Amino acid sequence: MTDMDPLVPVLAGLVVDVVCFLDSCEDDEVDPDSAVKMMESVSWVLGQLPQDQCARLLKVIADLAESEQDPGRRAFLEAFPIAFGLVEEPEDSA
């Protein structure tokens, strides 16, 4: 399958938005322990994706970041793959 299902970017964007909300909400909005558990769950589920599906997700997230107009959401999209263990953090070349 070479064409991307148009639902994939929509769902990927929703996952990122939910995680962004959980990451940025105040303690009186969502219990911090519950937020962390949910974000860990998302990270675990995404970590279980087969390599080809993970690559597709990374491409979708990169495309979303590239087209994002809001600087805060763009930064979150750009950080998402590392923050959720989809790619390794690059080592500093010193």
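Colleague: Which helix gives the most residues to the lining of the largest pocket?

Modeller: Rolling a probe the size of a water molecule over the atoms shows where empty space is left. In this predicted model, H1 gives the most to the lining of the largest pocket, namely 5 residues.

Colleague: Which elements give two or more residues to that lining?

Modeller: Two helices do: H1, spanning 7–24, and H3, spanning 51–67.

Colleague: How much space lies in the largest pocket?

Modeller: About 240 Å³.

Colleague: Which residues line the largest pocket?

Modeller: The lining includes Val8, Leu11, Ala12, Val15 and Val16. Leu46, Leu49, Gln53, Arg56, Leu57, Ile61 and Phe80 line the pocket too.

Colleague: How do the lining residues divide into nonpolar, polar and charged?

Modeller: There are 10 nonpolar residues, 1 polar and 1 charged.

Colleague: Phe80 is on that list. Is Phe80 buried or exposed?

Modeller: Look at the relative accessible area. Under 20% counts as buried. Phe80 has 2%, so Phe80 is buried. Phe76 comes to 16%, so Phe76 also counts as buried.

Colleague: How many aromatic pairs are there?

Modeller: Rings pair if their centres lie within 6.5 Å. By this rule there are 2 aromatic pairs. Take Phe76 and Phe80: the ring centres lie 6.4 Å apart and the planes stand at 55 degrees, so this pair is tilted.

Colleague: Is the pair of Phe80 and Phe84 stacked or edge-to-face?

Modeller: Check the angle between the planes. Under 30 degrees counts as stacked. Phe80 and Phe84 have 20 degrees between their planes, with centres 4.5 Å apart, and the pair is stacked. Phe84 is buried, as is Phe80.

Colleague: Which residues do the ring pairs link into a cluster?

Modeller: Phe76, Phe80 and Phe84.

Colleague: What share of the chain's residues counts as buried?

Modeller: Of 94 residues, 26%. The chain exposes about 6800 Å², and carbon and sulfur atoms supply 55% of that area.

Colleague: What share of the contacts with a separation of 6 or more comes from residues 24 or more positions apart?

Modeller: Such residues account for 58% of those contacts. Along the principal axes, the C-alpha atoms fill a box of roughly 45 × 40 × 30 Å.

Note on methods. Residues numbered from 1 in each chain as written. Predicted model: local features only at pLDDT ≥ 70, side-chain atom pairs only at ≥ 80, totals over all residues. Heavy atoms only, no water. Phe/Tyr/Trp six-rings, centres within 6.5 Å; stacked < 30°, edge-to-face > 60°. Buried < 20%, exposed > 50% of the residue type's maximum accessible area, 1.4 Å probe, protein only. 1 Å grid on protein atoms, 1.4 Å probe; cavity = no way out; pocket = protein on both sides within 12 Å on 5 of 7 lines; lining within 4 Å. Points joined across faces, edges and corners; volume = space filled by probe spheres on them. Helix = DSSP H or I, 4+ residues; strand = E, 2+ residues; numbered from the N terminus. Nonpolar A, V, L, I, M, F, W, Y, C, P; charged D, E, K, R; others polar. Contact = heavy atoms within 4.5 Å. Areas by Shrake-Rupley, 256 points an atom, 1.4 Å probe, with all protein chains shown as cover.
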